Amino acid sequence: MTTTANAPASSSTSGNEPYLVVDDLTVKFPTADGLVHAVSNLSYSVELGKTLGIVGESGSGKSVSSMAVLGLHDTRSARITGSIKVGGQEVVGLSEGKMREMRGNKAAMIFQDALAALHPFFRVGAQLAEAYLVHHPDASKKQARARAVEMLDRVGIPEPHSRVDDYPHQFSGGMRQRVMIAMGLINDPSLLIADEPTTALDVTVQAQILDLLQDLQREFNSAIVMITHDLGVIAEMADDVMVMYSGRAVEYGTVRTIMTKPEMPYTWGLLSSIPDVSSDVNTKMVPIPGTPPSLLTPPPGCAFEPRCTHRDKVAGGLCGTALPELRPASDGHGHLKRCHLTDADSIFQTEVLPDVAPATSEEN
Amino acid sequence: MFGFVVRRLLSSLLVILLASFAVFALFYLGPNNPAQPVCDSAGGSRCTPERLEAIEKSMGLDKPVVVAYGTFMKGIVAGREVTIGAATYDCDAPCLGIAYGSRGEVTEELKGRIVPTILIAVGGSIVYLVIGVTVGIMAAARRGSLGDRLLVSGSLIVSSIPYYLICLLAWLYLTLKTDIFPETGYFPITEDPLKTFSGLLLPCLVLGIASSPVYARYTRGQMVETLGDDYIRTARAKGLGGRTVLLKHGLRAAMVPIVTIFGLDFGILLAGTVFTEKIFGIDGIGRWGLDAISAPQDLPVLTATVLVGAIFIVISNLIVDLVYGALDPRVRLG
Amino acid sequence: MSHSANEDEHYPDDPEKARHQPTYTKGTQSEPTGEPSLASMTQEPHREQPTADDDSVSSLGGDAHTPNVLDPDAPAVLTVENLRMYFPVKSSGVIRRRIGDVQAVDGVSFEVPQGGSLGLVGESGCGKSTTGRLITRLYDPTSGSIHFGDQDLATLSSREMKPLRREVQMIFQDPYSSLNPRHTVGKIVGTPLAVHKVVPKNKIIPRVQELLEVVGLNPEHYNRYPNEFSGGQRQRIGIARALALQPKVMVADEPVSALDVSIQAQVINLLQDIQREFDVAFLFIAHDLAVVRHFCPEVAVMYLGKIVEIGDRDSIYSGSRHPYTQALLSAVPDVKQATVGGRRERIRLEGDVPSPINPPSGCRFRTRCPIAQEICAKHEPPLLQIGKRHKVACHFPGRLGQHPTEPLTSRLLGVDDQGNPDPGGSPSAELNDKPGYDDTWFDLDSRTFGRA
C-alpha cells in the first residue's frame with residue numbers, strides 16, 4: 001500500500017500543513033417545510049498541490065459544503081457551524097468584508113455550466129479584468145486587461161488579444177470553461193474549488209480541460225477540491241476521495257483505496273451502477289435501488305440504510321437505529337468509512353467485485 | 001441590422017394602415033351619420049331628407065368606404081379640399097381632414113395637443129421609473145424582509161384603486177381644497193416653460209406614483225430572478241462588493257425585460273393619457289379623442305388619434321427591439 | 001420501493017425465465033373487450049398470470065443487468081437511407097436570401113433491427129439528436145428515406161403520419177421540462193391513449209395504472225403532478241407515456257444524462273426490461289459511450305452530420321478503425337486508472353468541431369485528425385464495409401497506432417494516393433452507402449473485397 005502519503009485529515013505523515021481544513025461543518029437551511037440538513041458534521045482537509053475529489057449525487061451536500069468554504073451562502077438563510085480554515089484563517093463567522101477579500105483571491109471557484117456562470121452581457125475581458133481589479137485596486141485598467149489576455153493565453157485560448165473582447169456566447173463550450181478557469185486563477189489562488197467543471201462538456205473537450213487543470217495545478221501548486229459525480233474523473237484527477245451521501249462523508253481514502261477496496265455499500269453501488277468503456281463486456285450494471293432520503297427528516301440510523309442491500313448482514317437492525325461513526329476501515333492508512341459492516345472487505349471481494357469486474361475477480 | 005430596421009418599418013407601415021383603416025371603416029359604416037349634425041346645425045331651417053342627402057354627397061359620405069379612406073389617405077400625402085355642408089376648406093398636406101366640431105384643420109389641432117400629451121407621458125414615466133425601479137431593487141435586495149413584504153402588499157393596495165379615482169382625489173384635495181398645486185393644466189411651453197412645468201407637475205406625479213407599484217413589483221420580480229442566476233454567484237465568488245453585484249451584474253441583466261415593458265407602456269402613454277388629461281383639464285390627445293367619440297362623433301379627429309396612437313406604439317416597439325439588441329449582445333438583429 | 005437482493009436476474013436468452021418476468025396485468029387483459037392489451041404486443045401467445053407474491057413491479061429495472069446482446073438474424077424494423085437535414089441560413093439584408101445551410105445531418109444510412117438497439121454517439125453538434133427527431137418526424141427531412149414497414153416516414157404528410165406516430169415514440173432527455181407541470185401523471189400518460197383512441201374512455205385510467213406499474217411507479221399515484229416526483233421517477237413517467245401506444249420503435253435521446261448516477265442504472269435497466277418484454281427497438285442517442293456500450297449491441301459514431309464508423313459492439317469498442325472513434329474512446333475517463341494513478345496517455349483532439357455551415361472538404365474530420373493526408377481534403381472517404389458488421393469511413397482505416405500510410409481507398413475511388421484523378425482508375429462498383437451490411441466486404445489486410 002502506498003496510501004500513507006495522502007492520509008486524509010492526518011497530515012502529520014506528510015509534514016505539510018493542509019491549506020484547507022474543514023472541521024465538523026454543519027450547514028442547515030430553514031425552509032417552509034422545515035429545517036434542511038444539507039451538510040452534517042463534515043471534516044476534511046486538502047494540502048497544497050493535492051486534489052481532493054468529492055463524489056456524491058445531487059443533494060449529497062457536496063456543493064453546499066464547498067460553497068460554505070467561500071462563504072457564498074446567504075447568511076440570513078443558512079445556519080453554518082463548525083470550522084473552515086483557509087490558509088490558517090477561520091472562515092465561519094468571518095465578516096462579509098473580510099470574506100470578500102478572500103474570495104477569488106486566496107480561494108477561487110469554477111462552476112459547472114460556464115455559459116450560465118459567466119455574465120451574458122459583459123465581454124470576457126471585462127469579466128476577467130474585474131476579477132483582477134477587485135483584488136488589485138492599485139492596478140490600472142490597462143494592466144488588468146493585459147493580465148486578462150495573459151490568462152486567456154495561459155488556458156489555451158487561441159488569439160487571446162482579439163478574443164478578450166468577445167462575449168461568452170461567442171465561445172464554444174470548452175473554450176468557455178477555459179475562460180471560467182482563467183477567471184478562477186487570475187489572482188493565483190492557493191485553493192481552487194471546481195464544481196463539476198466538465199460535466200456539461202463532450203468527452204474530448206473534457207479530456208482537454210482535465211489536462212489543463214492538471215498542468216495548472218503543477219504550475220501553481222494549488223490545492224484543488226474537485227466536486228463531481230463522475231468516478232472516472234475522480235480516478236484520474238484526485239489524490240484523495242471523499243464519498244458523500246445525504247450530507248455526510250460516508251467514505252474517505254486515497255483514490256486507489258476507494259476505487260479498489262471500498263468498504264461502504266454506497267461506494268460499491270456507485271462503482272457497480274456505472275458501465276465502463278474498457279471493462280469486460282459482460283460486466284453487469286447493478287443499480288442502487290430507491291432514491292436518496294429527504295434532508296428534512298434525516299433517518300435516525302444510517303442514511304443509506306433504506307437502499308442498502310447489505311443491511312441484513314448487520315445484527316439487530318443496527319443500521320436503522322444507530323448512525324455509524326466515520327471510523328478507520330479494515331486496512332487503516334487513513335481509510336475511513338461510515339458503516340456498521342464488520343467484514344466489508346470480504347463482502348466486497350466475494351459479492352460486489354464479481355459484478356463490477358468479472359475478469360478481475362477471477363484473477364483474485 | 002439595417003435590413004432588420006427596414007423590414008420592421010415596412011411591416012410597421014402595414015400595421016398603421018390596417019389600424020387606421022379599421023377604425024375609419026368602423027365609424028364610417030357605423031350607425032351615426034356624420035352628416036346629421038351638420039344638417040341639423042346649418043342655417044336654422046329644419047333638416048330635410050333631401051338636404052341631408054346633399055350634405056352627405058358633398059362630404060363624400062355616399063362613396064364606398066374604401067374610396068373614402070383612399071381620399072383621406074391621399075389628403076395626408078398631397079392635401080385636398082374638404083367640403084362640409086355649404087363650406088369648403090382648403091386643407092394642405094399633410095391633411096388629416098377638417099374636424100366636424102371645430103371646423104379646424106385636424107393636423108393643426110393635433111400639433112397643439114400632442115405637446116402636452118408627450119410632456120405628461122415623459123414626466124409621468126420618469127416618475128414611475130425612478131420610484132418603481134428603485135423600490136423594486138431595494139425590495140429584491142432584502143427579499144423576505146419586512147420592508148419587502150410591506151412593498152408587495154402596499155403596491156397591491158395602490159394598484160387596486162381605480163386610476164381615475166386617484167386622479168380625481170388628487171385634483172380635489174391638492175388643487176381645489178389646498179393650494180399645494182394651485183395652477184394645474186397645460187400652459188404652452190413656448191410662452192412660459194416654468195409655468196408649463198408647475199402646471200403639469202401634479203398630473204405627472206399622479207400618473208407616475210399610481211403606475212410605480214407595477215414597476216416596483218415587476219423590477220423586484222426580475223431582480224429576484226436575476227439574483228438567483230449562476231453569474232451572480234460567480235460575481236460573488238470573485239469577491240465583488242454587494243453593491244457591485246447588485247447594481248452592475250444584477251440590474252444590468254434585469255434591465256432588459258424592464259426596458260421592454262417600459263417601451264411598450266410608453267408608446268401607449270403617448271397615444272393619450274385619457275383620465276389624466278380629462279380630470280386635470282389638459283388639452284391632449286387622449287381627451288381630444290375621448291371628446292371625438294362622444295356624440296356627435298368626429299370621424300376625422302378619431303381617425304387622426306388612432307393613427308397617431310398606432311404610429312407611437314409601432315415606433316416604440318421598434319425602438320424596444322433595437323434597444324434590446326444593444327442591451328443584450330446575444331441578440332443579433334439580422 | 002425496496003428491492004430484495006435475491007430476486008431473479010433477467011436472462012434474455014432464456015424465454016422460459018423471461019415469461020415469468022414482471023407483468024403489468026391486473027386482470028384487464030383477460031376482459032373480453034377485444035381491445036389491444038399491453039400483452040398483445042409481445043410475440044408470446046400465452047402469458048402466465050403473476051402469482052400473488054410476485055413483487056413484479058419492483059423487479060423491473062431493479063437488479064443486476066448484463067449488456068444487451070445482438071440478434072444477428074433480426075429483420076430491420078427501421079431502415080434509414082441517405083437521410084439529410086439542412087437548416088437554411090438566411091442573409092441579414094432587407095430581402096432575406098438563403099445564403100447557406102447548416103448541414104446538421106448529411107447522408108446518414110443505418111438499420112435498427114426489430115427488438116434491437118442501435119446506439120448513436122458523437123459530440124454535441126454531430127447531428128445525432130437531429131437524426132432522432134427526423135425519425136420521429138419532429139423535423140421534415142431535406143431528403144432521404146426512413147422506411148418503417150412498407151412506408152417511408154420521410155415523405156408522409158402529417159395527417160398520414162398520425163397513425164404511425166403510435167409506432168415510433170420518443171423519450172426525451174430532460175425529465176423536468178418534457179412533462180407538462182399542470183397535467184397529472186394520469187393525463188400525461190393517458191393523453192396519447194385518448195388521442196389515438198386506443199382504449200375506450202373509461203378504460204384509460206386502468207391502462208395508465210398498468211403502465212405506471214410497468215415502469216415501476218405506484219399506480220395509485222396517477223393523479224399526482226410531475227413536481228411530486230424525483231428526476232428518475234419523472235423519466236419513468238416519460239417512458240410510460242412513450243410506452244402507452246405500444247410502439248415498435250423508441251427513440252431515446254439522452255434518456256439518462258440528466259439523472260444522478262445511481263438513478264441512471266435504474267432507468268437503463270428499465271429500458272432493457274421494456275425492450276425484452278415488449279420487443280421494442282431502440283435508437284439510443286447518447287454522448288456517454290459507456291452507457292451506449294452497455295445498452296446497444298450496435299453503435300454508429302457520428303461526426304459533423306455523417307456516420308464515420310458503424311458496427312457491432314466489439315468492432316467499435318475494441319476493434320475501432322477510425323481515428324475519431326479511437327479519440328473519443330480514449331478521452332473517456334477511466335475508473336480503473338485509479339489503480340495506476342495519474343492520467344493515461346490519450347489522443348488529444350485539438351480545437352473544436354468545425355461549423356456545419358462550412359464543413360471541411362473531403363473528410364469532415366480531417367481538420368482535427370492526427371493522420372490526415374492530402375487525399376482527405378480532396379475526397380470524402382466512403383463508408384466502407386470492412387467486417388461482417390463493421391463499416392468505417394476513413395482513407396487510412398486501422399487500429400490505433402497501426403493506420404496505413406497509404407490510403408486504402410484510392411483504388412476504390414479511382415484516384416492516386418494523393419487524391420488526384422488517376423487516368424487508369426475508375427470508381428469501384430462495390431461502393432455503396434446503403435444501410436445494413438453485405439455478405440462480402442473489403443478486407444483491410446488483403447485490400448480486396450471478399451468473404452471472410
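This report describes salt bridges in a predicted model.

## Basis of the values

Residues are numbered from 1 along each chain as its sequence is written, and chains are lettered from A in the order in which they are written. In this predicted model, local features need pLDDT of at least 70 and side-chain atom pairs count only at pLDDT 80 or more, while totals for chains, interfaces and linings use all residues; side-chain values use heavy atoms, without hydrogens and water.

## Salt bridges overall

Side chains of opposite charge can pair when their charged atoms come close. Over all chains, the structure holds 35 salt bridges (a side-chain nitrogen of Lys or Arg within 4 Å of a carboxyl oxygen of Asp or Glu).

## A pair in chain B

B:Arg220 and B:Asp148 form a salt bridge, with 2.6 Å from N to O. The two residues are 72 residues apart and link distant parts of the chain: B:Arg220 lies in helix H8 (residues 193-227), and B:Asp148 lies in helix H6 (residues 146-160). Helices here are DSSP runs of H or I with at least four residues, numbered from the N terminus.

B:Asp148 has 2% relative accessibility and so counts as buried (under 20% relative accessible area; exposed is over 50%, and partly exposed is in between, with a 1.4 Å probe and protein chains only).

## Pairs and a network in chain C

In the salt bridge of C:Arg98 with C:Asp101, the closest N and O atoms are 2.5 Å apart. C:Arg98 is exposed at 52% relative accessibility, whereas C:Asp101 is buried at 17%. Another salt bridge joins C:Arg137 to C:Asp140 at 3.0 Å, N to O; C:Arg137 is buried, with 11% relative accessibility.

A network of salt bridges links C:Arg84, C:Asp106, C:Lys306, C:Arg364 and C:Glu380.
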